[in-house]
Amino acid sequence: MAFLQLHPFFSDLTLTKTPTFSQFQSIPRKPRTIIFVQKPLKPCHQKTRLQKLSAVAEGISAGVQDGGDESVIQEEVVQQKEAVSYDWTEEWYPLYLTQNVPDDAPLGLTVFDKQVVLFKDGKGELHCYEDRCPHRLAKLSEGQVFDGKLECLYHGWQFEGNGKCVKIPQLSQGAKIPQSACLKTYEIKDSQGVIWIWMSLKTPPKPEKIPWFENFDRPGFRDISTIHELPYDHSILLENLMDPAHVPISHDRTDWSAKREDASALFFEVTERTDRGFAGYWGNEKDQSKRNFLRFEAPCVLQNNRELVDKNGEKDYFSGLFLCRPSGQGKSMLIVRFGNTRKPTILFKLFPQWYFHQNASKVFEQDMGFLSSQNEILMKEKLPTKHLYINLRSSDTWVSEYRKWMDKVGHGMPYYFGHSTISVPECPAVIEHAPAGFAANLSASQPAKGGIGTMHAPNPANRYFRHVIHCKGCTSVVKSSQKWKDVLSVAAAISTALAILVSGRQWKGLFVFSTTLFLVGVQVCSTIVAMNTTNFIRTHRRL
């Protein structure tokens, strides 16, 4: 899916030589942390008993898998023992697109199981707190921004930028505000159009760990950025984003680039493995001259960068960037950014931004049924992926690499599913709108319908709540289209009435023609609203 959305930027490109890439030196292979899991006696029928042992690390060395099937990625042999340090709170997570942060209201977000609230004060400065009023634990994100301060709408307590409480309406005259009436604050940074949050309240933030994307700082670089809330775990989302093999099948004919007859074996070349991720090349096995470069970096950053030379010898830079944020059990939020330095074509300029946004939503909906059902099975089986997946060398190398990286660092996360090890959530999620698997289950049983409810129903499988409410541009388009639809509907009704009342043929013709134009406008507005708010439905799933 990640690779499909790059094509609006490549559609007008003619290559005259093999693409070049920034060279990455091979880094010494470091060992990784694992928690061993016993092999099931009958892998197809019995569940594995889990045993947590001391943290150790595996060297990178291929062994021979039972059965000797060379098409399947083989097991690894433990060579070396060494602890791998990792703490999920000591990382920067992509919180939101800067351009989409509300100007006049607080925004509630989550990172794993930590709920935070983001808001702009009277000076336009961003602040982030724990999403909990110290009075009676009400969500501050359900409050309002009043006179530049964050106000809890339960009892009216107000907090200013540093988290200090400055007003309690019910306080007796002359009484002082309790010193404990303050909020836990989180450090945030605005970098290249993205708000990043440092999750540790103990360790000072390390600005040098904020990812920096070179191409996005190049002169003339332009990008299309979208944000999506998704009803499945962040690890499943990342698997999907680094899986080019599924694109021709799942996204067949979504645009000109995806065709199921093009599905074929792929080659993968891992050039780097570290405790913070991996990188390498991939492409079509039959034509290895066209190589793509993929890089995954902790905690949840995936990027594809290319340097292409056109027929005039000019170099252009292309990037597909995926910034993922774990937003709770069975939930994730993704910032997608595609950009390049190439001058856009006239045809590209004709399409409005919202068109590309709704197409991105469509791509996610095509995969939603598969991924949400995958989420359900992983939670039910409670087994490492090596007991559940059949990873092929010619399609699933990045998936295998990612789950093995989770083996290294998963002990430092609230929960995870690795290749050989797992750690399930200690406490089941408390979800406001539905149990953790409910929305995913609906999407799995009705993958094209996206669950139940109308456009405005708070359903995480609904396109309106997955994207539109997080995007100022699409929200504006939907609202303005609805208003114009209402205006044109009234105009059509008046024009129709006048066509009936007037007696002159010319006047009747004029009003009939006007009514036709108004109704065409109503249809156009209805189509725009539907394109932005209606989930994609596969033909064989339509009722």
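Is Thr533 buried or exposed, and what is its relative accessible area? Thr533 is buried, with a relative accessible area of 9%; here buried means under 20%, exposed means over 50% and partly exposed lies in between, using a 1.4 Å probe and protein chains only.

A word on the model before the views. This is a predicted model, in which local features need pLDDT of at least 70 and side-chain atom pairs count only at pLDDT 80 or more, while totals for chains, interfaces and linings use all residues. Residues are numbered from 1 along each chain as its sequence is written, and side-chain values use heavy atoms, with hydrogens and water left out.

**View 1**
Of its 543 residues, 50% count as buried. Among contacts with a separation of 6 or more, 63% come from residues 24 or more positions apart, a contact being heavy atoms within 4.5 Å. The accessible surface comes to about 26,900 Å², and carbon and sulfur atoms own 54% of that. Accessible areas come from the Shrake-Rupley method with a 1.4 Å probe, and for residues only the protein chains shown count as cover.

**View 2. Thr533 sits in helix H10.**
Helix H10 covers residues 505-533, and Thr533 has its place there. The Thr533 side chain reaches the backbone oxygen of Val529 at 2.7 Å. This is a polar contact: a pair of N or O atoms within 3.5 Å, where within protein one must be able to donate a hydrogen and the other to accept it, and residues adjacent in sequence count only if both atoms are side-chain atoms. Look for Asn462 as well: Thr533 and Asn462 are 71 residues apart in sequence, with their C-alpha atoms 7.8 Å apart in space.

**View 3. Five residues make a nonpolar surface patch.**
Val490, Ile494, Leu498, Ile500 and Leu501 make a nonpolar patch of about 500 Å². Patches are made of residues with over 30% relative accessible area and no salt bridge; nonpolar side chains (Val, Leu, Ile, Met, Phe, Trp, Tyr) are joined within 5 Å, and like charges within 9 Å. Leu501 belongs to helix H9, residues 472-501. Leu501 is exposed, at 69% relative accessible area.

**View 4. Lys209 and Glu91 form a salt bridge.**
The structure holds 16 salt bridges, each one a side-chain nitrogen of Lys or Arg within 4 Å of a carboxyl oxygen of Asp or Glu. In the bridge between Lys209 and Glu91, the closest N and O atoms are 3.6 Å apart. Lys209 lies in the loop between strand E12 (194-198) and strand E13 (222-230), and Glu91 in the loop between strand E2 (56-57) and strand E3 (92-97), so the pair ties together parts that are 118 residues apart in sequence. Lys209 is partly exposed at 26% relative accessible area, whereas Glu91 is buried at 2%.

**View 5. Glu239 and Arg403 meet in a salt bridge.**
The N to O distance for this side-chain pair, Glu239 and Arg403, is 2.6 Å. Glu239 lies in helix H2 (residues 234-241) and Arg403 in helix H6 (residues 397-409), so the pair ties together parts that are 164 residues apart in sequence. Glu239 is buried, with a relative accessible area of 6%, and Arg403 is buried at 1%.

**View 6. Cys182 is in no disulfide.**
A search of the whole structure finds zero disulfides, a disulfide being a pair of cysteine sulfur atoms within 2.5 Å. For Cys182, the nearest cysteine sulfur is that of Cys165, 9.1 Å away. Cys182 is partly exposed, with 41% relative accessibility, while Cys525 is buried at 9%.

**View 7. His357 makes a polar contact with His467.**
His357 is found in helix H5, residues 353-381. His357 counts as buried, at 6% relative accessibility. The two histidine side chains, of His357 and His467, are in polar contact at 3.4 Å. Leaving aside neighbours within four places in sequence, the contacts of His357 are Ile224, Ser225, Thr226, His228, His467, Cys471 and Cys474.

Conventions: Helices (H or I, at least four residues) and strands (E, at least two) are DSSP runs, numbered from the N terminus.
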